[in-house]
Amino acid sequence: MDVTTAVVSFAAVVALLTLTPGLDTALILRTSLLSGRRPAWGVVLGIQAGTLTWGLATAAGLSALLAASQLAYEILRWAGVAYLVWMGARMIWDARRRPEQAPEPVAAQSFTAAFRRGLLTNLLNPKVGAFYVAMLPQFMPDDVAPALMGLALAGVHAVEGVVWSGVLVAFATLMGGFLRTPRVRRLLDRVTGVVVIGFGVQLAVHAGR
């Protein structure tokens with residue numbers, strides 16, 4: 001397999017993964033609707049920074065530790081579970097505290113905080129690492145340095161993620177006038193919180209790799 005074939009084939013595989021609604025989609029939409037475009041892009045870039053990190057770590061052999069060591073995998077898995085459950089519970093709690101009828105300005109959230117949330121959400125999900133460990137070796141040409149190829153493939157994944165995230169942010173911006181009403185924002189926080197906790201529970205109960 002040459003480099004071009006590897007990149008095109010990998011792009012097709014991860015395109016399906018990118019378009020499938022999941023935790024990233026929920027976080028991006030929620031942040032865009034409740035905090036605005038700039039924090040939403042912070043989450044997007046944080047998620048994609050995590051993708052690049054996983055790609056480089058896999059190519060360098062670091063992620064193979066997750067596949068070889070049950071203890072390392074379990075530590076990362078339970079850290080991810082705790083983070084997701086905490087984040088989802090925080091969203092639900094914030095929705096309870098939000099006034100029902102008061103005017104709702106866009107909630108303040110810094111770009112840095114949003115970036116950190118996206119990055120941690122990605123890095124603390126061992127299933128992302130497991131995906132890269134399983135998939136990347138199949139798209140590694142023999143005559144290319146593994147670290148460079150891994151970073152290139154993860155870059156393809158990140159670019160597709162940024163493009164799709166741009167569509168999500170644009171949609172949220174277009175619908176923002178309606179979706180930022182107090183009642184809808186409370187509902188959105190609760191629904192997103194439940195979804196995030198659901199992903200945490202799913203990560204907790206699916207121990208297999």
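A: The count comes to three aromatic pairs, where rings of Phe, Tyr and Trp (its six-membered ring) pair if their centres lie within 6.5 Å, and planes under 30 degrees apart count as stacked, over 60 as edge-to-face and the rest as tilted. This is a predicted model, in which local features need pLDDT of at least 70 and side-chain atom pairs count only at pLDDT 80 or more, while totals for chains, interfaces and linings use all residues. Residues are numbered from 1 along each chain as its sequence is written, and side-chain values use heavy atoms, with hydrogens and water left out.

One of the pairs is formed by Phe-10 and Tyr-132; it is tilted, at 6.4 Å centre to centre with 55 degrees between the planes. Phe-10 belongs to helix 1 and Tyr-132 to helix 7, so this pair ties together parts that are 122 residues apart in sequence. Helices (H or I, at least four residues) and strands (E, at least two) are DSSP runs numbered from the N terminus. Phe-10 is buried, with a relative accessible area of 0%, and Tyr-132 likewise counts as buried at 0% relative accessibility; buried means under 20% relative accessible area, exposed over 50% and partly exposed in between (1.4 Å probe, protein chains only). Another pair joins Phe-131 and Tyr-132: the ring centres are 5.5 Å apart and the planes stand at 90 degrees, so this pair is edge-to-face. Phe-131 is buried too. Ring pairs link Phe-10, Phe-131, Tyr-132 and Phe-139 into a cluster.

The helix that carries Phe-10 deserves attention. Helix 1 (residues 3–19) has 17 residues, and from first to last C-alpha it reaches 24 Å, close to the 24 Å expected at 1.5 Å a residue; the expected span is 1.5 Å times one less than the number of residues. Besides Phe-10, the buried residues of helix 1 include Ala-6, Ala-11, Val-14 and Thr-18. At the start of helix 1, a side-chain oxygen of Asp-2 comes within 3.4 Å of the backbone nitrogen of Thr-4.

The C-alpha atoms of Met-140 and Ala-6 are separated by 7.0 Å, although the two residues are 134 residues apart along the chain. Leaving aside residues up to four places away in sequence, Met-140 touches Ala-59, Pro-146, Met-149 and Gly-150, a contact being heavy atoms within 4.5 Å.

Of its 209 residues, 43% count as buried. Among contacts between residues at least 6 apart in sequence, 88% join residues at least 24 apart.

Conventions
Polar contact = N/O pair within 3.5 Å; in protein donor to acceptor, adjacent residues only side chain to side chain.
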